[in-house]
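Hi,

Here is the structure I promised to pass on to you. Have a look at it first, then read my notes below.

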Amino acid sequence: MYAPDRDQDLRWMRRAIGLATLCPPATGAYSVGTVIVGEDGTELAVGYSRESDPHAHAEEAALAKLSQDDARLAGATLYSTLEPCSQRRSPRPPCAQRILEAGIPRVVMAWREPSLFVTDCAGFEQLVAAGVIVDELPELATAASSVNNHLFGGC
């Protein structure tokens, strides 16, 4: 499993935050960026919310670029600027479920999902309960959430 030092985690999360800035703004959805990094420290795939579909989540977009049976996922780390969702308003599988199905053993996130659209997001808890290592980077939470100021009355 890819187990970088804190500086590498911060570097990859900053890359994910940069991807989040590419999201087309939406009044009913977060702007999120995701980077999947292989065990050898190479970037395997990236995605951002609404990248190719108005309902696509960042994790979904990144995972769609890899084969479901890609052996590299078994040692990968997924970086997401926001806690992976545990439920969706659309009939698509939640991102936490997608991560578990992909067999990714480690997830790093910058901030937990606020109760704006879903009052009880449990992506963090679902991943941990399934044995996934989940790390948070609270020092980048403000940078990750600022991409979503339009949702909270900011500019």
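Let's start with rings: those of Phe, Tyr and Trp (its six-membered ring) pair if their centres lie within 6.5 Å, and planes under 30 degrees apart count as stacked, over 60 as edge-to-face and the rest as tilted. By that rule there are two aromatic pairs here. In one of them, Y30 and W111 have ring centres 5.9 Å apart and planes at 90°, so this pair is edge-to-face. Y30 is in the loop between α1 and β1 (33–37) and W111 is in strand β4, 81 residues apart, so the pair links distant parts of the chain. (Helices are DSSP runs of H or I with at least four residues, strands are runs of E with at least two, and both are numbered from the N terminus.) Y30 and W111 are both buried, where buried means under 20% relative accessible area, exposed over 50%, and partly exposed in between (1.4 Å probe, protein chains only).

Before you go further, please keep in mind that this is a predicted model: local features need pLDDT of at least 70, side-chain atom pairs count only at pLDDT 80 or more, and totals for chains, interfaces and linings use all residues. Residues are numbered from 1 along each chain as its sequence is written, and side-chain values use heavy atoms, with hydrogens and water left out.

Next, the charges. How many salt bridges are there? The count is nine, taking a salt bridge as a side-chain nitrogen of Lys or Arg within 4 Å of a carboxyl oxygen of Asp or Glu. R106 and D9 form one of them, at 2.6 Å from N to O. R106 lies in strand β4 (residues 106–111) and D9 in helix α1 (residues 6–20), so this bridge ties together parts that are 97 residues apart in sequence. Both of these residues, R106 and D9, are buried.

R106 also has a salt bridge with D135, at 2.9 Å from N to O. D135 lies in strand β5 (residues 133–136) and R106 in strand β4, so parts 29 residues apart in sequence are tied together. R106 has a relative accessible area of 6%, while D135 is partly exposed at 27%.

With R15 in helix α1 and E43 in strand β2 (residues 43–48), the pair ties together parts 28 residues apart in sequence. R15 is partly exposed, at 36% relative accessibility.

Now the strands, which pair if DSSP finds at least two bridges between them. Five strands make an open sheet with mixed pairing, in the order β2-β1-β3-β4-β5. The edge strands, β2 and β5, each pair on one side only. β1 and strand β3 (residues 77–82) run antiparallel, paired over four bridges; I36 has L78 in β3 as its bridge partner.

Finally, what about disulfides? A disulfide is a covalent bond between the sulfur atoms of two cysteines. The rule used here asks for a pair of cysteine sulfur atoms within 2.5 Å, and the count is zero. C85 is in no disulfide, and the nearest cysteine sulfur, that of C95, is 3.7 Å away. C85 is buried, with a relative accessible area of 6%.

Cheers
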